[in-house]
Amino acid sequence: MIPRDEFERLFRGIGVEGDYDRFSLYCGLLQEWNQKMNLTAITDDEGVAVKHFADSVLPLTLCPVPAGAKVIDVGTGAGFPSIPMKLVRGDLELTLLDSLKKRLDFLRAVCRELGVTAELVHARAEDGGREARYREKFDLAVSRAVAGLDLLAEYCLPFVRVGGLFLALKGSGGREEAAAGAQAVALCGGAIQEIKDYSLPNGDKRTLIIIEKVLATPPRYPRPPQKIKKEGPLPSPALRA
């Protein structure tokens, strides 16, 4: 992990208070586990601090998140962005969903070592979004996944209650993704509320797409994994016809 003074300067610069000891422990666990399984291509101390930790918590400064919000991180991978969010906002009620058991083993170890309380769900987003105990139960869904917004809308919006939000953390092409995915967002009950462009402390460009859940997601979404694979992102061929 970068030295304490550099970390504190980094987090002051983005307007967030972070517990250096817990973030440092997280960094060490990520680097250690990454030697035996593929969690991330970014493993250097500065890269983890800026491109994982700062990148994960910056959206909290751009979009108000209510106290005690129920948050689901869809396709959480190594725990980004939700675990860093939880480290700076301990009031958040966290659910981590991922399809790979090995990643959940890592996340379980991280939560244990950091003293983070979270529910871990081993499921594909397409399956979890159809389960009654998770469907439209969350105030906020977050995803830093590499899938396009036309797919992420179908993966994430079924988890969000009407009136809640979905935050899609994107790179510099986020506005183009938002335009391409707007119809998929609408089909799943969402509406793009705002698109915010910003930069990481190292200058890397980022886009936050803020989507409000305005209507209940129709029962047919999310489609089964096989159907998504066959038809591709929304709108499906049947809906285009």
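This is a predicted model: local features need pLDDT of at least 70, side-chain atom pairs count only at pLDDT 80 or more; totals for chains, interfaces and linings use all residues.

Colleague: How many helices and strands does the protein chain have?

Modeller: Helices (H or I, at least four residues) and strands (E, at least two) are DSSP runs, numbered from the N terminus. On that basis the protein chain has 11 helices and seven strands. Its radius of gyration, taken over C-alpha atoms, is compared with a globule rule of 2.2 Å times the number of residues to the power 0.38. The value for the protein chain is 17 Å, close to the 18 Å that the rule gives for 241 residues, so the chain is as compact as a globular protein of that length.

Colleague: What share of the residues of the protein chain count as buried?

Modeller: Buried means under 20% relative accessible area, exposed over 50%, and partly exposed in between, with a 1.4 Å probe and protein chains only. Of the 241 residues of the protein chain, 51% count as buried.

Colleague: How is a pair of packed helices described?

Modeller: Two packed helices are described by the angle between their axes and the distance between the axes. Axes are lines fitted to C-alpha atoms, for helices over the stretch in contact, and angles run from 0 to 180 degrees between N-to-C directions. Angles under 35 degrees count as roughly parallel, over 145 as roughly antiparallel, 65 to 115 as roughly perpendicular and the rest as oblique. The axes of helix α2 (residues 20–34) and helix α6 (residues 101–114) come within 10 Å and cross at roughly 155°, and α2 and α6 are therefore roughly antiparallel to each other.

Colleague: Which residues of α2 and α6 meet?

Modeller: Contact means heavy atoms within 4.5 Å. Arg22, Leu25, Tyr26, Leu29, Leu30 and Trp33 in α2 meet Asp105, Phe106, Ala109, Val110, Glu113 and Leu114 in α6.

Colleague: At what angle do α1 and α2 pack?

Modeller: Helix α1 (residues 4–13) packs with α2 at an angle of about 105°, their axes being 11 Å apart, and the two are therefore roughly perpendicular to each other. Arg4, Phe7 and Phe11 of α1 make this contact with Tyr20, Asp21 and Phe23 of α2.

Colleague: Does Ala168 count as buried or exposed?

Modeller: Ala168, which is found in strand β5 (residues 160–170), counts as buried because its relative accessibility is 0%. Leaving aside residues up to four places away in sequence, Ala168 touches Ser143, Leu149, Thr207, Leu208 and Ile209.

Colleague: Where is the place of Ile42?

Modeller: Ile42 lies in the loop between α2 and α3 (45–57), and at 25% relative accessibility Ile42 counts as partly exposed. With residues up to four places away in sequence not counted, Ile42 touches Leu30, Gly47, Val48, Lys51 and His52. Ile42 and His52 are 10 residues apart in sequence and 8.2 Å apart in space, C-alpha to C-alpha.

Note on methods: Residues are numbered from 1 along each chain as its sequence is written. Side-chain values use heavy atoms; hydrogens and water are left out.
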